[in-house]
Amino acid sequence: MFARGEITERECARRCKIQPVSAWRLKNRYLQLGDGAFIHGNKERKPKNKKYDYDKIADDYKKFEGTPFMSFRDNCADYLGYSVVPSYTTVYNALSSHGVISPLARIPVREKKKHIPRSERENEGDMVQIDGSRHDWFLNGKKITLHGAIDDATHKIVALYFCENECLLGYYELLKQIVDRTGGMPSAVYSDRSQIFFTSRGATLEEQLAGAEKSHTQWQKTCKELQIELIAAYSPEAKGRIERLWQTLQGRLPYIFRFLKINTIEDANEFLAGFIDGFNARFAVPAQDVALHWKEKPSSADFDFLFSVRTEKKTKADGSFIYHGYKFRLLSKHSACVRFTL
């Protein structure tokens, strides 16, 4: 209106809430550039100090689509070859500008029960928390179980092992890995009250923890032989360290497996050995006391026997017995009605 002469310079300045001299300068610029006079000269210009291409970050995220933003940031360094890892804010801004919403943003917020926190053990090797997580780890609709063990004092993963189901074999493999990785055995193991660890027949749980001689599981017998203290958790929050680990791994491992085209248990277990070292380097914390409390493994212990799955059987009159639906025959001179350990 000012450029067409319909209002005065002062009226234009009053309506635009600027000084009259600024209105006069803006008029001249408008007559020269038209509507472009109101567009900043740096619009759509790439800043010279901009390090990251938002489009590239958004394209790279598609390779790990579904993983939390912080996990993707670590993957940029581990698997995508970024020489300079972008900050979380950069990743968030890049993905948000392309309409990507973090999976964690969809978690509903609800009031949590209050639990009195348990103090961490002071020394590495004092106590190890163990558990199993059944999850769609290969993103193919089939759930398998990842057995895990984490040190309570340092938050280090000391063992990981995949099996089809949560089983004694998986937890025995954890003990093997702990011995191989640390050179010793933990002083105590913290677990839930699964029947793999404690039986519901005969002695009560308190009696089993106290060492009652009835209804011992094979896990209890093995740990007693290795002089490992067993501690039972009465709620998931009691062993919150490893429960939090599952949340972290479920947001990372499935998408790494998809990126690396790992879709079998054998390949996944082979991959985990190197993954544990990188995970511990990133997330482990120093213990309150630097002294290591890993116990030396008994020299007289037969680990092949201790870590085998055993069951008590009795043959029939013809020397045969049934195991998991299959018929076997005992090779012995006296094989009729014999009780033995398989």
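Which residue in strand 4 does Leu146 stand opposite? Leu146 stands opposite Phe162. The legends below refer to a predicted model.

**View 1. Pairing of strand 3 and strand 4.** Strand 3 (144–151) and strand 4 (157–163) run antiparallel and are joined by six bridges. Besides the pair Leu146 and Phe162, Ile150 stands opposite Ile157 in strand 4. The two strands form a hairpin with five residues between them. In the turn, His155 has a positive phi of about 65°.

**View 2. Strand 2 beside strand 3.** Strand 2 covers residues 128–135. Eight bridges join strand 2 to strand 3, and the two run antiparallel. Gln129 stands opposite Ile150 of strand 3.

**View 3. The two faces of strand 3.** In a regular strand, side chains alternate between the two faces of the sheet. Ile144, Leu146, Gly148 and Ile150 point one way from strand 3. Thr145, His147, Ala149 and Asp151 point the other way. Strand 3 is mostly covered, with eight of its eight residues buried.

View 4. Five strands make up an open sheet with mixed pairing, in the order 4-3-2-5-6. Strand 4 and strand 6 (229–232) are the edge strands, and each pairs on one side only. On average, neighbouring strands of this sheet are turned by 20° against each other, direction ignored.

**View 5. Helices on the sheet.** Helix 6 (residues 168–182) lies across strand 2, strand 3 and strand 4, and runs at about 145° to strand 4. Helix 11 also packs on the sheet, where it touches strand 3 and strand 4. The direction of helix 11 makes about 165° with that of strand 4.

**View 6. The largest nonpolar core.** This core holds 37 residues, of which Phe72, Leu146, Phe162, Leu249 and Leu253 touch the most other members. Elements giving two or more residues to the core include strand 3, strand 4, helix 9 (240–250), helix 10 (253–260) and helix 11 (265–283). Helix 11 gives the most, with seven residues.

View 7. Not counting residues up to four places away in sequence, Leu249 touches Trp137, Leu146, Leu160, Pro254, Phe275 and Phe279. A second, separate core has 30 residues, among them Ala149, Val158, Leu174 and Leu175.

Terms used
Residues numbered from 1 in each chain as written. Predicted model: local features only at pLDDT ≥ 70, side-chain atom pairs only at ≥ 80, totals over all residues. Heavy atoms only, no water. Core = buried A, V, L, I, M, F, W, Y, C linked by side-chain atoms within 4.5 Å. Buried < 20%, exposed > 50% of the residue type's maximum accessible area, 1.4 Å probe, protein only. Helix = DSSP H or I, 4+ residues; strand = E, 2+ residues; numbered from the N terminus. Contact = heavy atoms within 4.5 Å. Pairing = 2+ DSSP bridges. Axes fitted to C-alpha atoms, helices over the stretch in contact; angles between N-to-C directions.
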